[in-house]
Amino acid sequence: MIVAERKTIPELVEILNGHKKILVLGCGTCVTVCLAGGEREVSIISSALRIASNIRKLDFEIEELTIERQCDNVFIEQATEAIERNDVVLSLGCGAGVQAIAERFLEKPVYAGLNTEFIGVLEERGIWTEKCAACGACVLHQYGGICPITRCAKHMLNGPCGGSREDRCEVRPDRPCAWQLIYQRLKGIGQLDRLKKIAPPKNWETSLDGGCRVIIREDHRI
Amino acid sequence: MTHESQLAKKIDAGDFIVTAEFLPRASTDISEIEAIAASFKDKVTAVNVADNPHGPVLSSLAGSLALLKAGVEPVYQMVTRDRNRIAIQSDLLGAAALGIRNVLCLSGHHQTLTKSSQSANVYDIDSVQLIAAVKQMRDKGVLLDGTKIKGDFPVLIGAVAGPDMKPMELNIMRLAKKVEAGAGFIQTQAVFDIETFENWLEQARSRELTKKTAILPGVMPLESAEKAEALREKYMDLFIPDSIISRLKEAGDAAAQQKEGLAICIEIIKKIKAMEGVKGIHILSGGRENMVPEIIAKSEL
């Protein structure tokens with residue numbers, strides 16, 4: 001899923017200062033699961049903004065709404081009336097959700113209430129970790145299902161760097177070295193030979209480096 | 001005018017090699033480099049020029065050319081952190097055209113460990129891929145995109161290894177890959193733990209890697225217990241055992257600790273220089289280039 005974190009209330013107050021009628025718009029998909037922008041967070045953030053408004057006399061009028069998916073036209077339509085009767089939208093969707101709303105309401109300021117962080121998983125209660133860099137040409141089959149592009153800070157494709165110490169990463173000593181995990185995993189599944197072959201330079205054209213990506217499925221356009 | 005790498009010639013001849021590390025400064029004063037070159041001249045086979053290890057300084061390409069001009073053979077260090085394959089190959093062509101004959105291929109300290117921690121990184125290719133790219137440019141005369149290079153590209157390729165990196169199986173696999181990719185010499189991270197180094201060297205010997213590449217173990221004079229502790233805390237590739245830190249502490253005041261650091265360095269050189277498979281010594285000055293001539297003299301290199 002897409003993992004995001006809330007911006008702080010002082011940051012949000014700064015962004016919204018000068019506006020009156022504000023729609024705080026949550027999203028019921030990824031950001032609900034990662035506890036950043038679902039119905040519950042819409043309620044918490046709205047309450048905090050009302051308190052800030054009272055203290056600083058900002059005159060905010062806040063409406064709350066959460067739709068199933070902000071990145072999907074069908075669900076965005078359900079928010080149309082609420083968006084139109086407010087001055088601005090504070091979207092608690094991911095970066096895709098914020099932009100999807102903004103592109104459909106050209107006259108309306110739409111602000112991001114979250115910092116979208118990564119594609120990842122819930123590791124354990126309250127801990128999310130990044131797993132995928134969405135490079136567009138998956139290599140997981142070569143590395144025992146552990147991504148060296150995402151999880152190695154140097155995207156090393158041919159083994160660890162010198163800063164790998166007994167399963168820790170030099171860049172984030174609180175995190176494991178991806179290459180130690182790859183080694184253990186490949187050894188465990190009897191595929192260590194995969195590491196002996198020199199992996200050639202990666203083609204980054206399929207990634208964001210090749211420009212903002214689009215997928216066109218002709219079979220779905222008929 | 002093409003000249004040969006003296007480092008390559010000495011490796012081929014089986015001569016004992018001494019290389020030393022020069023860390024360029026954030027400086028435009030060329031006389032500093034000339035002074036370092038003068039102090040190294042005729043004492044070492046070649047001098048490594050570090051590629052922005054701790055943040056931006058004078059470029060390793062410019063530093064290498066300045067050494068060359070001053071009559072000292074450079075080992076041009078190149079990290080894959082800051083340049084994509086376009087910039088890397090472009091700089092390599094320029095280096096070869098202007099007379100640089102040795103290139104050391106590294107991934108480089110991650111930028112978050114430098115003073116420019118907010119910088120973006122590149123890491124388009126990794127160190128093994130860089131070694132293979134330089135080999136292709138030299139042996140096939142073509143760039144990664146297939147473009148034919150006009151003229152020779154007579155470059156000796158070097159790489160780095162860390163004898164202390166565990167597990168040993170993964171460590172040696174990585175070393176073997178670098179040698180297979182084309183590394184003609186290997187400079188190691190600073191050796192402080194002789195037993196671990198011996199074990200690593202034995203593993204390299206048993207796979208005949210010491211016959212395929214010239215192993216130049218690194219040594220580093222430590223300045224003080226405090227600085228040594230800070231170094232090993234920050235850089236995981238540097239293994240300094242507690243026993244070495246204790247020796248420095250017990251030596252006494254700052255001057256005594258510096259002297260002890262030098263003595264430890266000389267002791268290590270004497271212990272490792274005659275080991276089977278060791279072709280020379282690489283002195284990691286860590287920016288204290290003034291220590292190098294004394295280390296060479298006192299360790300009878």
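1. At what angle do the axes of helix α10 (residues 242-251) of chain B and helix α11 (residues 254-272) of chain B cross? Roughly 140°, with the axes coming within 7 Å. Here axes are lines fitted to C-alpha atoms, for helices over the stretch in contact, and angles run from 0 to 180 degrees between N-to-C directions. α10(B) and α11(B) are therefore oblique to each other; on this scale, angles under 35 degrees are roughly parallel, over 145 roughly antiparallel, 65 to 115 roughly perpendicular, and the rest oblique. The crossing of α10(B) past α11(B) is right-handed, a label given when the near helix is turned clockwise from the far one by less than a right angle, with anticlockwise being left-handed.

2. Some housekeeping before going on. This is a predicted model, in which local features need pLDDT of at least 70 and side-chain atom pairs count only at pLDDT 80 or more, while totals for chains, interfaces and linings use all residues. Residues are numbered from 1 along each chain as its sequence is written, and chains are lettered from A and ligands numbered from 1 in the order in which they are written. Helices (H or I, at least four residues) and strands (E, at least two) are DSSP runs numbered from the N terminus.

3. Back to that helix pair. On the α10(B) side, B:I244, B:R247, B:L248 and B:A251 do the touching, and they meet B:A256, B:Q257, B:K259, B:E260, B:G261 and B:I264 of α11(B). Contact means that the C-beta atoms of two residues, placed from the backbone, lie within 7 Å. By class, this contact of α10(B) with α11(B) has 5 nonpolar, 2 polar and 3 charged residues. For the classes, Ala, Val, Leu, Ile, Met, Phe, Trp, Tyr, Cys and Pro are nonpolar, Asp, Glu, Lys and Arg are charged, and the others, Gly among them, are polar.

4. α10(B) also packs with helix α9 (residues 225-234) of chain B: the axes come within 8 Å and cross at roughly 155°. That makes α9(B) roughly antiparallel to α10(B). From α9(B) the contact takes B:A225, B:A228 and B:E229, and from α10(B) it takes B:I244, B:I245, B:L248 and B:K249. The class count for α9(B) with α10(B) is 5 nonpolar, no polar and 2 charged.

5. Another pair to look at in chain B is α2(B) and α3(B). Their axes come within 9 Å and cross at roughly 55°, which makes α2(B) oblique to α3(B). The crossing is right-handed. B:I30, B:I33 and B:A37 of α2(B) meet B:G63, B:A66 and B:L67 of α3(B), and the residues divide into 5 nonpolar, 1 polar and no charged.

6. Now some backbone details in chain B. B:D42 and B:N52 each have a positive phi without being a glycine: about 65° for B:D42 and about 45° for B:N52. B:D42 lies in the loop between α2 (30-40) and β2 (46-49), whereas B:N52 lies in the loop between β2 and α3 (60-69). B:D42 counts as exposed, with 7 C-beta neighbours inside 10 Å, and B:N52 counts as buried, with 23. The cut-offs, using C-beta atoms placed from the backbone, are 20 or more others within 10 Å for buried, 12 or fewer for exposed, and partly exposed in between.

7. The cis peptide deserves a look too. B:K166 and B:P167 are joined by a cis bond with omega about -5°. B:P167 is in the loop between β5 (156-161) and α6 (168-181) of chain B.

8. On the contact between the chains, 26 residues come from chain B and 24 residues from chain A. In chain B, the elements giving two or more residues to this side are α5 (127-139) and α6, and α6(B) supplies the largest share, 6 residues. The chain B side divides into 12 nonpolar, 6 polar and 8 charged residues.

9. For chain A, the domain assignment (bounds from an automatic or database source) gives domain 1 (2-118) and domain 2 (133-210). Their C-alpha centres lie 37 Å apart.

10. Lastly, a couple of residues in chain A. A:S46 sits in helix α3 (residues 39-56) of chain A and counts as buried, with 20 C-beta neighbours inside 10 Å. Leaving out residues up to four places away in sequence, A:S46 touches A:V24, A:I62 and A:E64. A:D193, found in the segment after α8 (178-188) of chain A, is exposed with 8 other C-beta atoms within 10 Å.
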